[in-house]
Amino acid sequence: MKEKNGDCVENKVYEHRVLNRMSQKELADAVGVSKQTIYVMEKNNYSPSLVLAFRIADFFNVDVNDIFSYVKGRD
């Protein structure tokens, strides 16, 4: 999700979820959010809170930077 200055947080939630053969609902239930939250996150239309980002990374047993990355916009 792009901010006013063009910065955004990109993610690989979809890739990790598919590699683990999980539905959006299964992942949502595992990390305590709605299926809709996972859906919009995978479309990069939603930047999760830090807590949720760490929860997702912990669930997949990877570093948070393996799933989420900060992309600086143009100045």
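Lys25 is partly exposed at a relative accessible area of 45%, where buried means under 20%, exposed over 50% and partly exposed in between (1.4 Å probe, protein chains only). The model is predicted, local features requiring pLDDT of at least 70 and side-chain atom pairs pLDDT 80 or more, whereas totals for chains, interfaces and linings use all residues. Residues are numbered from 1 along each chain as its sequence is written, and side-chain values use heavy atoms, without hydrogens and water.

The count of salt bridges comes to 2. Arg17 pairs in this way with Glu42, the closest N and O atoms being 2.5 Å apart; because Arg17 belongs to helix α1 (residues 13-19) and Glu42 to helix α3 (residues 35-42), the pair ties together parts 25 residues apart in sequence. Arg17 is buried at 9% relative accessibility, and Glu42 is buried at 15%.

Helix α2 also packs against helix α4 (residues 50-59), with the axes 10 Å apart and at an angle of about 110 degrees, the axes being lines fitted to C-alpha atoms over the stretch in contact and the angles running from 0 to 180 degrees between N-to-C directions. In contact, defined as heavy atoms within 4.5 Å, Leu27, Ala30 and Val31 of α2 meet Leu52, Arg55, Ile56 and Phe59 of α4.

How values were computed. A salt bridge is a side-chain nitrogen of Lys or Arg within 4 Å of a carboxyl oxygen of Asp or Glu. Helices (H or I, at least four residues) and strands (E, at least two) are DSSP runs, numbered from the N terminus.
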